[in-house]
Amino acid sequence: MSSRNRTMSCFQVYDPFMPYAETHSAFNVADPPSWVMYVSHERPRRLIVFVHGFRGRTLSTWAQFQQSGRMGRYWQQSDLLFVGYESERENPSSVADRLRRSLPAFYPVPFPPAMMVGGKGARDDVSSSYEELILVGHSLGGLVIRCALVQAAKSWVYGAPGAERPILLSAQTRLFSPANAGFSPAGLLGLAKELGFLGVAEIRLRQSRAYLDLQPGSSLIVDTRQLTEEFFERTLAPALQAHILWANPDNVVKSEEYRMDLRDSADGQSHLTVCKPHDSYLRPWQFLERGV
C-alpha cells in the first residue's frame with residue numbers, strides 16, 4: 001500500500017444499523033514524526049491523546065482503540081491522536097517537552113492538515129474547537145504525561161502573574177499501569193518475559209536513558225511525584241489528578257499512585273494487555289469514558 005493510501009485510509013467499524021460504517025480517517029502527522037491522528041467524520045466533542053510506554057509502538061500498543069468508533073457515540077464524537085517516540089533512545093523529559101509544546105497545534109482547534117481527506121474536508125465542520133482534552137498513557141507513557149504536566153504547571157505557577165492556565169492542565173488524565181514509581185523488583189525481566197526478549201537485547205536496554213529513569217528512586221520519578229503533588233495542592237488543576245487502571249497482577253512496574261490519584265484494577269490483565277481493548281475485554285473503553 002502506498003504511503004498516501006496509508007495516510008488517508010479509513011477503518012471499517014461495526015454499527016447496529018450499518019454493518020460497516022466508516023467513522024474515522026487515519027492521518028500520518030509529518031511533524032512531530034511518528035504521530036498518527038484518527039479524525040472523526042462528524043464534529044467531535046473531544047480530543048483523546050495516547051502516549052505508549054517503554055518499547056511500545058504508536059498504534060500497536062493500543063490494539064483496537066483505533067477502531068473505537070464502533071463502540072458508540074462517545075467515540076464517534078472523538079478525534080484520536082496517537083503519539084509515537086523512540087522509547088529506548090529518547091530522554092523521557094525531552095519527549096514530555098515535545099508533547100507539551102506540540103499539543104497546542106492539535107488542541108483546542110483541530111489540526112488543519114488532518115482535516116483534509118482525499119482533497120475534501122474530513123467532515124462538515126473542520127474548525128470548531130474541541131470541548132475537552134483527555135490524556136492517556138501506558139507505563140512509561142504515563143510518566144511522560146505527568147512530566148509534561150509538571151512542566152506546564154511550573155511555567156504557569158512561576159510565570160507572569162495573572163497568566164491564563166495552560167490548556168494542558170485542564171485535561172482529564174487516564175493512565176494504564178503508569179510507571180509512577182518505576183520498575184518493580186521483577187522489572188525488566190518481567191517485561192522481557194512479556195515481550196519475549198532476553199540476552200543481548202536486555203543488556204542493550206539496560207543502557208538506555210529511559211531504563212535508568214525507570215529505576216525506583218530516580219530523580220525523574222522522585223521530582224515528578226513531588227512537583228505533581230505540590231502543584232495540585234496549589235492549583236487544583238484537574239489534569240494533575242490521574243485516574244489509574246492497574247494490571248492485576250503487574251510484574252513490570254510498581255503499583256503506586258500519587259496521594260490524590262484515583263485507582264482501580266483489571267483482574268487477570270498483564271502489564272502489556274491492560275491497555276488493549278477487544279471484544280472480550282471492554283474495560284479500557286469504559287475506563288476512558290468514565291474514569292472507572
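Biologist: Let's start with A63: which two elements does its loop lie between?
Modeller: This is a predicted model, where local features need pLDDT of at least 70, side-chain atom pairs count only at pLDDT 80 or more, and totals for chains, interfaces and linings use all residues. Residues are numbered from 1 along each chain as its sequence is written, and side-chain values use heavy atoms, without hydrogens or water. Helices (H or I, at least four residues) and strands (E, at least two) are DSSP runs numbered from the N terminus. On that numbering, the loop with A63 runs between strand 4 and helix 2.

Biologist: And what is the phi of A63?
Modeller: Most residues other than glycine have a negative phi. A63 counts as partly exposed because its relative accessibility is 28% (buried is under 20% relative accessible area, exposed over 50%, partly exposed in between, with a 1.4 Å probe and protein chains only). A63 isn't a glycine, yet its phi is positive, at about 50°.

Biologist: What about S34, what is its phi?
Modeller: You'll find S34 in the loop between strand 2 (21-29) and strand 3. With a relative accessible area of 41%, S34 is partly exposed. S34 is not a glycine either, and its phi is positive, at about 70°.

Biologist: Which residues of helix 3 are buried, and why do they end up on the same side?
Modeller: Helix 3 covers residues 92-102, and its buried residues are P92, V95, A96, L99 and S102. They share a side of helix 3 because they span only 140° around the axis, an arc taken from the directions from the helix axis to the C-beta atoms. So the reason for that shared side is an arc of only 140°.

Biologist: Is D250 buried or exposed?
Modeller: D250 belongs to the loop between strand 10 (242-248) and strand 11 (262-267). Leaving out residues up to four places away in sequence, D250 touches S177, S255 and H271. Because its relative accessibility is 14%, D250 counts as buried.

Biologist: Which side chain makes a polar contact with the side chain of D250?
Modeller: A polar contact is a pair of N or O atoms within 3.5 Å; within protein, one must be able to donate a hydrogen and the other to accept it, and sequence neighbours count only through side-chain atoms on both sides. The D250 side chain reaches the backbone nitrogen of V253 at 3.1 Å. At 2.8 Å, its side-chain partner is S177.

Biologist: Last one: which residues does Q77 touch?
Modeller: Q77 sits in the loop between helix 2 (73-76) and strand 5. Its relative accessible area is 19%, so Q77 is buried. Not counting residues up to four places away in sequence, Q77 touches E42, R43, P44, R45 and R46.

Methods: Contact means heavy atoms within 4.5 Å.
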